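Here are some notes to read alongside the model. Keep the viewer open and follow them point by point.

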Amino acid sequence: KIPTGIFNDSNKKIRRYINILVSEFKEKRSNYLSAIQNCMNNIIIELERINCDNNKNENSVNELKSVIEYIDQHYCEEIEKHTLTSFVNVSYDRFRHLFKHALGISLKQYIIDKRLELAKKLLVTTNLSITEIAYQCGFPSSALFSKQFKNKTDLAPSQYRNQLHSNSIMSKEQSQYDTMD
């Protein structure tokens, strides 16, 4: 089966074969039909390779779905390497490569981002201390949590909480004035 659709011809091989094919057809030099057939075969080979590469990427994402679901349920805990690799039966190094290739982000950063999203929510919706939030979100220390949080948001966790709290108060006060009109 020949794949159909739009393909990424980043190395421009298919384009070159098509140009040669057109040139052979226009010029009709000796053995031009054989040359055209060879070009067609090469185009088909390149399309099959592209399709194969696309299927590998799709399979990588599909293989990782169960791992991602597991991470999404356990990101606040210490996640063991062997637990993750057991889902896909590859070495940890290969797994990390597959993960980054499929999601465009490293495993470590994916987990940190998940933890930080929960932390933001807890900072806004609870009165838990920064240390309690750090541990609830799976960070081994409040110092590491604060560093990661500041790297992501350009604010310390307490600044983030205070800023949102003051914005919330301002919004409430503004809405009170709006209802007076």
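1. A word on terms before we start: helices here are DSSP runs of H or I with at least four residues, numbered from the N terminus. Please keep in mind that this is a predicted model. With that naming, helix α1 covers residues 13-27, and the residue following α1 is K28, which has a positive phi, near 50°.

2. On the overall make-up, the chain has eight helices and zero strands. Reading from the N terminus, the order is therefore simply α-α-α-α-α-α-α-α. Of the 181 residues in the chain, 26% are buried. If you count contacts between residues at least 6 apart in sequence, 52% of them join residues at least 24 apart.

3. Back to α1 for a closer look. This helix has 15 residues and spans 21 Å from its first C-alpha to its last, close to the 21 Å expected at 1.5 Å a residue. I14, L21 and E24 are buried in α1. Viewed down the axis of α1, the buried residues fall within an arc of 90°, so they line one face of the helix. R15 and K26, on the other side of α1, are exposed.

4. Besides following α1 with its positive phi, K28 lies over the face of F25, at 3.9 Å from the ring centre. A charge also sits over a ring elsewhere: the charged end of R115 is placed over F139, 5.8 Å from the centre of that ring.

5. Now the aromatic residues. How many aromatic pairs does the count come to? The count is seven. In one of these pairs, the ring centres of F95 and F99 are 6.0 Å apart and the planes are at 50°, so the pair is tilted. Both residues belong to helix α4 (residues 92-103), where they are four residues apart, about one turn of the helix. F95 is buried, at 0% relative accessibility, and F99 is buried too, also at 0%.

6. Another tilted pair is formed by F139 and F145, with 5.2 Å from centre to centre and 50° between the planes. Both F139 and F145 are buried. F139 is also the residue whose ring has the charged end of R115 over it.

7. Y92, F95, F99 and Y110 form one aromatic cluster. Setting aside neighbours within four places in sequence, T85 is in contact with V90, S91, Y92 and F95. Is T85 buried or exposed? T85 is buried, with a relative accessible area of 14%, because the cut-off for buried is under 20%.

8. Last, the cysteines. A disulfide is a covalent bond between the sulfur atoms of two cysteines. The structure holds zero of them. C76 is in no disulfide, and the nearest cysteine sulfur, that of C137, is 5.4 Å away; a disulfide would need the two sulfur atoms within 2.5 Å. C76 is partly exposed, with a relative accessible area of 27%, whereas C39 is buried, at 5%.

Definitions and conventions. Residues are numbered from 1 along each chain as its sequence is written. This is a predicted model: local features need pLDDT of at least 70, side-chain atom pairs count only at pLDDT 80 or more; totals for chains, interfaces and linings use all residues. Side-chain values use heavy atoms; hydrogens and water are left out. Helices (H or I, at least four residues) and strands (E, at least two) are DSSP runs, numbered from the N terminus. The expected span of a helix is 1.5 Å times one less than its number of residues. Buried means under 20% relative accessible area, exposed over 50%, partly exposed in between (1.4 Å probe, protein chains only). The arc is that of the directions from the helix axis to the C-beta atoms. Rings of Phe, Tyr and Trp (its six-membered ring) pair if their centres lie within 6.5 Å; planes under 30 degrees apart count as stacked, over 60 as edge-to-face and the rest as tilted. A charge sits over a ring if NZ of Lys or CZ of Arg is within 6 Å of the ring centre and within 35 degrees of the ring normal. Contact means heavy atoms within 4.5 Å.
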